[in-house]
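Q: I would like to learn how to read some features of a structure. Please show me the structure, then take the features one by one.

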Amino acid sequence: MKKYLVIKNLRKQIRDNAILQNINLQVKKGEIVGIVGLNGSGKTTLLKCILGFVNYDGGIFIDGKNVLCNKLHNFGFIIENPNLYLHSSGWDNIKFWSKFYKNVDLKYVKSLCDSFNLDLRKKVNKYSLGMKQKLAIILSLINKPELLLLDEPTNGLDMKNIFLLRNVLLTLKDTTILISSHDINELCKICNRLIFINKGKIVKVLDKSSFLVYSESELINFLESNYA
Amino acid sequence: MLKFISILLTREFKKIYFIFFILIILFVSLIVCYFSYKDYSFNNHQNIVVQNKLTEDEYYEIYSNGSYNNYLLYYESYIKESMNKVKLSNLFSDNNLFCFENIYKVQVFLSVFSIVIGSSILLSEYKNGTIKLFLNVGASRFKVFLSFLISCIFLIIILNLILFLAFTLFLIIFNNSFELFKLKVPIIFNDDVIYVNYYLKSFLEFILNMLPVIFIGSFSFFISIIFLSQLFSLCLSFFLNVFGLVVFQWLLEYKIRFLMYSFIPYLDYTIFDDKLNIVLFNIEHGTNLSIFNGNVMLMLYFVIAFFVSLWFFLKRDVN
């Protein structure tokens, strides 16, 4: 299958501190890739680089186009905290962002809200962390993205909603998904591939066939490994 | 980009602070119009009598009739007959229709609103983290920056226009007539006298006075992006706007004339006597302040600040 996302020699340095070092990665279209790593290992920075939020050295190509040169992307993302207008209602948030995209299917969005059991009439500042996270997930899917980047998407979600999220992600057939999470078990259930990052380097890449073989404790050991 | 701007503007119009600004403008316009209409003193009458060399009979004739229409008609003919004798700038100083001039005093206070809008419109997106979503809607960073800047300027212009319309409306109500639109005012260029529509002239002056208001709002916008601090942006812009001219006058006393090449003395065009120059500064300190120089300086500093803040916006990591 054609490579959709190609990362070549990606490096990110803040002063003397190397956040990412020589990251090379190729992701096929429709693939779900899990990124696992300890705190401060560079997972979020990697996603931010792909989104073009931070400057970096090296190249990130989507469909053969350089990310920094071509801004016309169709991405969806959740990075760190849910980014929402707190003084607006949930529905106002959805309505506002839907104006920026073409062909937004509000029926699909509403059905997502219903399935997540999200009260859209409430103001967002009255939402719990889980509700905010659900709204952020819905917003990330509003434009039917080709590439979905999720950083800790299960933060604040209960077991039922994690299950729902998993089902939603598995139904997105043409969407390439990168998920950064500490929940290895959950990643094992939905990802085609797991990437282990430590100190800004990719230290291990496991396919679905291989990571199912390992026990959870063995997978955790990979997090602290220093070999590629 | 037009779609981007229209979405932003639609959202800003619904924001409580913008509606609050509009209500304040309407309230202040109402108060100023009411009191400036009521406020015409005997001293002003006397001044006009002296300056225009009216006889007591003429004066009595005008005021005993009590009608401003007569008053104005009288003066219009009077101007035409004795153009050389009359100091035109004071001709209408007593006419309460000309309380429209007070609009320029209110307009200066719009700088406060424009500073608040400028410092918060894009920075609030950084605070919410929603700037990430804006950078992901398919527009380049440059377009995002430009859209916010244009929206900011547009909002400032809208507030100004609301002020102008409010003044027009309230003065029509208080005067109970539409004389404001009919009036012609003479303007002298050397020996040539031209009559212009007073309302149109006021509007053009209003547009001219809007330039510093737009500048300080944009300046606040640029500073907020460069330093990513709303407090600093507000404080600096307020300081320059409120105390800038005072500080400038004080520094001029120490012959620091290069400040005339800064934008500080041009932040309030209403100080320019007869809209040509500041006589006081020119005579005492040898500086060359004028609205023309002001426009050049404001444009120059706008462009510089634009590119500096754009550079920061393009190059800075969004975390």
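Q: Where is Glu152(A) found?
A: Helices and strands here are DSSP runs, H or I of at least four residues for helices and E of at least two for strands, numbered from the N terminus. Glu152(A) sits in the loop between strand 7 (147–151) and helix 5 (159–171) of chain A. This is a predicted model: local features need pLDDT of at least 70, side-chain atom pairs count only at pLDDT 80 or more, and totals for chains, interfaces and linings use all residues. Residues are numbered from 1 along each chain as its sequence is written, while chains are lettered from A and ligands numbered from 1 in the order in which they are written.

Q: What is the phi of Glu152(A)?
A: Most residues other than glycine have a negative phi. In Glu152(A), which is not a glycine, phi is positive, near 50°.

Q: Which loop holds Asn117(A), and what is its phi?
A: Asn117(A) lies in the loop between helix 3 (106–115) and helix 4 (129–141) of chain A. Its phi is positive, about 55°, although Asn117(A) is not a glycine. With 11 other C-beta atoms within 10 Å, Asn117(A) is exposed.

Q: How many helices and strands are in chain A?
A: Chain A has eight helices and ten strands. Its radius of gyration, taken over C-alpha atoms, is 17 Å, close to the 17 Å from the globule rule for 228 residues, so chain A is as compact as a globular protein of that length. That rule is 2.2 Å times the number of residues to the power 0.38. Buried residues make up 40% of the 228 residues in chain A.

Q: Which residues touch the most other members of the largest nonpolar core?
A: A nonpolar core is a set of buried Ala, Val, Leu, Ile, Met, Phe, Trp, Tyr and Cys residues joined through C-beta atoms within 7 Å. The largest has 108 residues, and Leu135(A), Leu149(A), Ile195(A) and Phe167(B) touch the most other members. Helix 9 (residues 141–175) of chain B gives the most to this core, 14 residues.

Q: What is Phe167(B) in contact with, beyond its neighbours within four places in sequence?
A: Two residues are in contact if their C-beta atoms, placed from the backbone, lie within 7 Å. Phe167(B) has such contacts with Ser29(B), Cys33(B), Phe100(B) and Ile103(B).

Q: Where is Phe222(B) found, and what does it touch?
A: Phe222(B) belongs to helix 11 (residues 198–227) of chain B. Phe222(B) counts as buried, with 27 C-beta neighbours inside 10 Å. Not counting residues up to four places away in sequence, Phe222(B) touches Ala305(B), Phe306(B) and Ser309(B).

Terms used
Buried ≥ 20, exposed ≤ 12 C-beta atoms within 10 Å, placed from the backbone.
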